[in-house]
Amino acid sequence: QVQLVESGGGLVQAGGSLRLSCAASGRTLSNYAMGWFRQAPGKEREFVGAISRSGGSTVYADSGKDRFAISRDNAKNTVYLQMNSLKPEDTAVYYCAASRAPIWGMPDFWGQGTQVTVSS
């Protein structure tokens, strides 16, 4: 089992940037594809993007394409979500997730989430 802890959330003005981190413990992160999700108040949790075990492949939802970038440092057991040109509609709790699939699949483990608030 792997434990995931997100950090880096906070309050930012529209147009600003944030970098979220997801630190893993318990198992080597390189054994998992990693994904980011978000959930805004009153809405369902939605997929933001994912990165393969090696980091060689990424996929993004349309909402973050060209603004968000996922990367990973397996030596540090950490995955990142760089968010640029933030919009008020990006306000949500952001979760990282780990999947045993090599590229991406159903999440097997979740972090507790970190709040991102974008002010207009």
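**Strands, core and salt bridges in a predicted model**

The structure is a predicted model, in which local features need pLDDT of at least 70 and side-chain atom pairs count only at pLDDT 80 or more, while totals for chains, interfaces and linings use all residues. Residues are numbered from 1 along each chain as its sequence is written, and side-chain values use heavy atoms, with hydrogens and water left out.

Leaving aside residues up to four places away in sequence, T78 touches S21, C22, A23, L29, R72 and D73, a contact being heavy atoms within 4.5 Å.

What is the order of the strands in the open sheet of four strands? The order is 1-3-8-7, and the pairing is antiparallel. At the edges stand strand 1 (3-7) and strand 7 (68-73), each of which pairs on one side only. Neighbouring strands of this sheet are turned by 20 degrees against each other on average, direction ignored; the axes behind this angle are lines fitted to C-alpha atoms, for helices over the stretch in contact, and angles run from 0 to 180 degrees between N-to-C directions. Within the sheet, six bridges join strand 3 (residues 18-25) to strand 8 (residues 78-83), and two strands count as paired if DSSP finds at least two bridges between them. R19 stands opposite Q82 in strand 8. In a regular strand the side chains alternate between the two faces of the sheet.

Strand 9 (92-99) takes part in several pairings. Strand 4 and strand 9 pair in the antiparallel sense over seven bridges, and Q39 stands opposite V93 in strand 9. Three antiparallel bridges connect strand 9 with strand 11, where A92 faces V116. Strand 9 also pairs with strand 10 (residues 109-110) over two bridges, again antiparallel, and the bridge partner of A97 in strand 10 is W110. Is strand 9 mostly covered or mostly open? Strand 9 is mostly covered, with seven of its eight residues buried.

The largest nonpolar core holds 27 residues, and those with the most contacts inside it are L4, M34, W36, V79, L81, M83 and Y94. Such a core is a set of buried Ala, Val, Leu, Ile, Met, Phe, Trp, Tyr and Cys residues joined through side-chain atoms within 4.5 Å. Several strands each supply at least two residues of this core, among them strand 4 (33-39), strand 8 and strand 11 (114-119).

How many salt bridges does the structure hold? There are five, a salt bridge being a side-chain nitrogen of Lys or Arg within 4 Å of a carboxyl oxygen of Asp or Glu. R38 forms one with E46, the closest N and O atoms being 2.5 Å apart. R38 counts as buried because its relative accessibility is 6%, whereas E46, at 34%, counts as partly exposed. R38 also forms a salt bridge with D90, with the closest N and O atoms 2.9 Å apart. This pair links distant parts of the chain: R38 sits in strand 4 and D90 in the loop between strand 8 and strand 9, 52 residues apart. D90 has a relative accessibility of 1%, so this residue counts as buried. R38, E46, R67 and D90 are linked in a network of salt bridges. D108 and R100 form a salt bridge too, their closest N and O atoms being 3.2 Å apart, and D108 is partly exposed at 34% relative accessibility.

One last stop is S52, found in the loop between strand 5 (46-51) and strand 6 (58-60). Why does S52 count as buried? S52 counts as buried because its relative accessible area is 3%. Not counting residues up to four places away in sequence, S52 touches A33, S57, R72, P102 and I103.

Conventions
Buried means under 20% relative accessible area, exposed over 50%, partly exposed in between (1.4 Å probe, protein chains only).
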